[in-house]
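Subject: Structure handover

Hello,

Here is the structure for you to look over. My notes come after it.

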Amino acid sequence: TSIREMLTGARSLFPLGKEEINIELKSWRDYEVGESGANEAKIDEAIKKIKEAHKKGLKELNLNSLGLKTLPPIIGRLTHLEELHLNDNNFSELPLEIGNLNNLTILDLSFNQLSKLPDLRKLMNLKELYLGNNDFSTLPESIKYFKNLTELYLDQNKLKTFPYSLKSLKNLTTLDLRCNQIAAIPDEHFL
């Protein structure tokens, strides 16, 4: 435990140093390559992109199509991000820390194996959410908090009933529910 952690109880209040980033990313790399059997070159590409996003304060991070099974918790420290593209990987869950990215306007999680999401209610600026081609059988609870959401893609999941919590999303202009198992959509949702 560092002095910072002992004094504050929250690491996220302090900027990450280069050494701390390297240690966290090395630990994540060792897990991904050793435990998950991930492609080393693709993991190294992800690490390079994460470091660059941190160093340059990039607003967009694209980690799609890298065969990732996990994300390093450090991802939640990139609070300057406005767009995060994690599509076409092998995620079955995401770290809780992703919920700290409160400046995100676009989050693409399509083409993974997700059936649930961590608490994302802090993502109040989210405008576009891509959850298509996953394993959701119910709508993630935190979606009802996304009052600025204009586009929601839930196509090709395992939804069986219409997600009633969508009614609270007054700014929603695009909703994709294709290729689910929904038998009917109640008329009152479109009035």
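Below are notes on a helix pair, a sheet and an aromatic pair.

This is a predicted model: local features need pLDDT of at least 70, side-chain atom pairs count only at pLDDT 80 or more, and totals for chains, interfaces and linings use all residues. Residues are numbered from 1 along each chain as its sequence is written, and side-chain values use heavy atoms, without hydrogens and water.

Helices first. Helix H2 covers residues 18–34 and helix H3 residues 40–56. (Helices are DSSP runs of H or I with at least four residues, strands are runs of E with at least two, and both are numbered from the N terminus.) The two pack at about 155°, with axes 10 Å apart. (Axes are lines fitted to C-alpha atoms, for helices over the stretch in contact; angles run from 0 to 180 degrees between N-to-C directions.) That makes H2 roughly antiparallel to H3, a term for angles over 145 degrees. H2 contributes Ile21, Asn22, Leu25, Trp28, Arg29, Glu32 and Val33 to the contact, meaning heavy atoms within 4.5 Å. From H3 come Glu40, Ile43, Asp44, Ala46, Ile47, Ile50, Lys51 and His54.

Now the sheet. It is open, with 6 strands in the order S1-S2-S3-S4-S5-S6 and parallel pairing. (Two strands pair if DSSP finds at least two bridges between them.) S1 (60–62) and S6 (174–176) are the edge strands; each has a single partner, so one side of each lacks a neighbour in the sheet. On average, neighbouring strands are turned by 5° against each other, direction ignored. S5 (residues 151–153) is joined to S6 by 3 bridges. Glutamate 151 sits opposite threonine 174 in S6.

Last, the rings. (Rings of Phe, Tyr and Trp, the last by its six-membered ring, pair if their centres lie within 6.5 Å.) Tyrosine 130 and tyrosine 153 are stacked, at 4.6 Å centre to centre and 5° between the planes; stacked means planes under 30 degrees apart. Tyrosine 130 lies in strand S4 (residues 128–130) and tyrosine 153 in S5, 23 residues apart.

Best regards

Definitions and conventions: Parallel < 35°, antiparallel > 145°, perpendicular 65-115°, else oblique. Phe/Tyr/Trp six-rings, centres within 6.5 Å; stacked < 30°, edge-to-face > 60°.
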